[in-house]
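Trainee: Morning! Please walk me through this model, helices to begin with.

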Amino acid sequence: MSIVRKIIIGYIFFVFIPVVTFGYYYYVQIYGNLTQQFVESRQKILEQAKANMKADLTRIESVHRLLQYNPYVTDYLGGVYGSDAESIYAYNRYISPIMTQSLFANPEIESLRIYKTKKQALRITDRFLDMSSLDAQGKKIASSLKPGQGGWIVQNPEAQEPRLAFYQNIYNPEFTEIIGLLELRIGGSLMQKFYKAIGIEGDWEAILLPFGEEAAEDTASGMDEETLKLLGGSDNKPFFINRKTIVNQLAFEELGVRVVVIGKVDVVFHAIKRKEMILISTVIVFLAALSLAYYVLASTITKRILRLARHMRNLDDNNMRPYISKHDSPNRLDEIGFLIMTYNSMIQRMDELINNVHRAELRNKEAAYKVLQAQIKPHFLYNTLETIRMLAESNNDKEVADISFWFGKLMRYSLSSKEDHTVLAQEIETVIFYLKIHKMRLRNRLSYDLDIDVDADRIDCPRFMLQPLIENSIVHGAAATLRPVHIRLRAYETADEVRISISDSGAGMPEDKLSRLRSLLMGNSDNYSSRETEGGGVGLINVSERVKSFFGGDSRLVIDSEQGVGTCLTIIITKGAAVNDETIDCR
């Protein structure tokens with residue numbers, strides 16, 4: 001079985017089937033949770049609407065307190081005013097504005113009436129009526145009122161917008177006698193607002209059931225027997241769902257009714273089911289797209305592997321061309337790309353080893369020829385200088401012979417050695433040749449002497465350690481003045497140090513320049529500028545760094561100078577410091 005089929009079968013059994021199975025199970029669980037969350041959210045909405053309704057009822061009930069604690073109202077109802085004129089004046093002046101304000105502040109109130117119990121209280125319009133004119137429903141609730149409490153009744157519970165009525169007794173100022181009964185009739189706007197808050201619209205329906213009464217079959221149109229049975233049962237659950245109906249109910253103690261909200265399952269979950277179908281379709285399409293993408297990715301990987309395997313099968317000594325590189329981008333540095341890149345590199349190396357050996361041999365011969373050519377150039381220079389010296393001697397020209405000999409020695413020292421270090425004796429000998437050449441050029445303006453009090457053959461040192469210092473004394477000492485200049489090279493040792501000093505009697509240097517050079521030599525040479533090291537400073541710094549690096553320890557280059565007197569450069573080598581994994585021992 002090919003690797004592509006294995007990947008497809010593995011995808012079906014290990015990805016597709018588990019995802020579909022889990023998706024179906026998850027869908028069933030989500031549907032159950034969704035219906036449960038829906039009825040719970042409807043119940044919370046019902047409870048919140050009840051709380052808002054209670055706040056509105058409390059606001060309306062506050063009208064009673066406004067009238068109860070108004071002395072003009074209690075005096076009027078208690079028959080305090082002796083004449084009709086006084087009663088009418090008190091009503092128009094003090095009582096009627098309070099009632100008008102109460103109606104304005106509570107637009108839900110359709111009528112405000114007070115039924116008086118005392119005959120001497122004057123009856124005025126429809127605001128103050130006799131208790132005998134109270135209807136039977138009002139008399140029934142009035143007889144059940146407790147002191148300090150009011151009562152609400154729903155006048156027409158089966159209507160689309162039920163109307164409410166509020167009754168509460170009004171007492172005399174001493175609260176010892178009932179002198180009136182307040183009646184507030186509320187229009188259907190309050191219950192309409194409540195129904196809107198609980199979502200009664202479309203196919204939703206609300207029923208108001210008085211406490212202790214069961215729902216009749218004609219109470220709600222289309223209500224099935226199972227729902228009626230659950231509503232009439234002793235276990236009144238706040239919400240439940242059967243096959244056809246969703247029911248939320250809530251006891252409204254202030255109104256003495258049970259609010260039942262009914263909705264059809266098919267109608268309520270129609271939109272939800274439509275969204276679920278869309279979700280399922282989306283998941284299927286998404287799964288199909290993922291399957292296709294997985295197949296494309298898997299086939300791409302397998303094609304690259306199969307191409308590599310096919311190329312490896314066709315590989316032999318006569319076929320070392322890395323054709324596979326044409327089908328795989330060199331920038332694809334994944335695991336397969338790395339494998340292919342490594343494979344191509346291996347093929348190329350094998351091709352070079354098998355087919356390109358003669359090219360390597362030609363390149364080796366060419367390199368050997370170039371090395372030989374590079375060796376010929378310095379030898380040709382040495383031979384030419386030696387020829388000039390021999391011709392000068394044969395012509396009895398000693399000066400030309402000497403300078404050719406000295407210059408040849410300097411060139412041989414500079415070009416022939418491949419090592420970076422030498423011994424102090426060799427370095428001093430080279431310096432002597434250098435001085436002799438300049439002595440012949442400057443004649444009487446330059447003189448020198450050497451005082452070597454050390455075993456120079458035993459002291460290792462870096463090559464060209466002294467030549468830049470001697471050059472500094474000649475360029476800035478002898479060549480900078482017309483008077484004769486003496487250069488002295490002295491080497492001596494103490495118990496702890498070897499000192500090599502080169503002094504001249506030249507022009508010296510100013511104090512500010514000397515300070516800058518000393519600062520640079522002490523370790524601030526990383527940031528020196530060309531202006532600060534103008535006139536030999538770079539050579540001194542290079543020598544200082546080489547001395548520190550080669551000898552280690554406290555080895556250093558010290559400079560002393562006085563303008564008009566001369567300059568002294570001293571190399572101080574600390575004994576016992578590391579020198580190329582060895583130590584200096586000059587004793």
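Trainee: Within what distance do the axes of helix α12 and helix α13 come, and at what angle do they cross?
Mentor: The axes of α12 (residues 424-442) and α13 (residues 467-478) come within 9 Å and cross at roughly 20 degrees. Keep in mind that this is a predicted model: local features need pLDDT of at least 70, side-chain atom pairs count only at pLDDT 80 or more, and totals for chains, interfaces and linings use all residues. Residues are numbered from 1 along each chain as its sequence is written, and side-chain values use heavy atoms, leaving out hydrogens and water.

Trainee: How are those axes and helices defined?
Mentor: Axes are lines fitted to C-alpha atoms, for helices over the stretch in contact, with angles from 0 to 180 degrees between N-to-C directions. Helices (H or I, at least four residues) and strands (E, at least two) are DSSP runs, numbered from the N terminus.

Trainee: So are α12 and α13 roughly parallel or roughly antiparallel?
Mentor: Roughly parallel to each other, because angles under 35 degrees count as that, over 145 as roughly antiparallel, 65 to 115 as roughly perpendicular and the rest as oblique.

Trainee: Which residues make the contact?
Mentor: On α12 they include Val431, Tyr434 and Leu435, and on α13 they include Ile470 and Ile474. Contact means heavy atoms within 4.5 Å.

Trainee: Switching to cores, how many residues has the largest nonpolar one?
Mentor: The largest nonpolar core has 49 residues, with Leu67, Leu164, Leu184, Phe194 and Leu255 having the most contacts inside it. Helix α1 (residues 3-68) gives the largest share, nine residues. Another core lies apart from it, with 47 residues, among them Tyr434 and Val454. A core is a set of buried Ala, Val, Leu, Ile, Met, Phe, Trp, Tyr and Cys residues joined through side-chain atoms within 4.5 Å; buried means under 20% relative accessible area, exposed over 50%, partly exposed in between (1.4 Å probe, protein chains only).

Trainee: And what does Leu67 touch?
Mentor: Leaving aside residues up to four places away in sequence, Leu67 touches Val73, Thr74, Ile98, Met99, Leu112, Ile114 and Leu182.

Trainee: Sheets next: what's the order of the five-strand one?
Mentor: This open sheet runs β11-β13-β14-β16-β15, with mixed pairing; two strands pair if DSSP finds at least two bridges between them. β11 (446-452) and β15 (556-562) stand at the edges with a single partner strand each, so one side of each has no neighbour in the sheet. The twist averages 10 degrees from one strand to the next.

Trainee: How many bridges join β13 to β14?
Mentor: Seven, and the two strands run antiparallel. Tyr492, for one, has Arg499 in β14 as its bridge partner.
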